[in-house]
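Colleague: I would like to learn how to read features from a model. Please take them one at a time.

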Amino acid sequence: MLTQVLRDLDADGLVLRHAYAKVPPRVEFELTDRTRSLLPHIHNLIGWALNNLSDIVRDRKAFTEKGNH
């Protein structure tokens, strides 16, 4: 599963794969510039989630307590 995900990310240009012909074989991956340009947006999303987490948990609890599933 992980191998396929890494292959897909490589095919999409989101990671660079570096294979080294050693014993044992070694492979390293690095983020591309395209992927690095996404990081500030991911950080903003994480910040939003952290800022709203307590309200989301509260609302989920209230929803469940009303008998909603």
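Colleague: Which residues make the nonpolar surface patch?

Modeller: A patch is built from residues with over 30% relative accessible area and no salt bridge; like charges are joined within 9 Å, and nonpolar side chains (Val, Leu, Ile, Met, Phe, Trp, Tyr) within 5 Å. Accessible areas come from the Shrake-Rupley method with a 1.4 Å probe, and for residues only the protein chains shown count as cover. Here L31, L38, L39, I42, I46 and L50 make a nonpolar patch of about 500 Å². Helix α3, residues 39–65, gives the most to this patch, with four residues. Helices (H or I, at least four residues) and strands (E, at least two) are DSSP runs, numbered from the N terminus.

Colleague: What kind of model is this, and how are residues numbered?

Modeller: This is a predicted model, in which local features need pLDDT of at least 70 and side-chain atom pairs count only at pLDDT 80 or more, while totals for chains, interfaces and linings use all residues. Residues are numbered from 1 along each chain as its sequence is written, and side-chain values use heavy atoms, with hydrogens and water left out.

Colleague: Is L50 buried or exposed?

Modeller: Buried means under 20% relative accessible area, exposed over 50%, and partly exposed in between (1.4 Å probe, protein chains only). L50, found in helix α3, counts as exposed because its relative accessibility is 62%. T32 is buried, with a relative accessible area of 10%.

Colleague: Where does T32 lie, and what does T32 touch?

Modeller: T32 lies in the loop between β2 (26–31) and α2 (33–36). Contact means heavy atoms within 4.5 Å. Not counting residues up to four places away in sequence, T32 touches G13, L14, V15 and L16. A polar contact is a pair of N or O atoms within 3.5 Å; within protein, one must be able to donate a hydrogen and the other to accept it, and residues adjacent in sequence count only if both atoms are side-chain atoms. The T32 side chain reaches the backbone oxygen of G13 at 2.8 Å.

Colleague: How do β1 and β2 pair?

Modeller: Two strands pair if DSSP finds at least two bridges between them. β1 (15–20) and β2 are antiparallel, over six bridges. They form a hairpin with five residues between them. V15 stands opposite L31 in β2.

Colleague: Which residues does the cis peptide bond join?

Modeller: Most peptide bonds are trans. In this model a cis peptide bond joins V23 and P24, with omega of about -5°. P24 lies in the loop between β1 and β2.

Colleague: How many salt bridges does the structure hold?

Modeller: Side chains of opposite charge can pair when their charged atoms come close. A salt bridge is a side-chain nitrogen of Lys or Arg within 4 Å of a carboxyl oxygen of Asp or Glu. The structure holds five. One of them joins the side chains of E28 and R26 (3.0 Å, N to O). E28 is partly exposed at 34% relative accessibility, and R26 is partly exposed at 33%.

Colleague: Which residue pairs with K61, and how many residues apart are they?

Modeller: K61 forms a salt bridge with E65, the closest N and O atoms being 4.0 Å apart. They are four residues apart in helix α3, so about one helical turn separates them.
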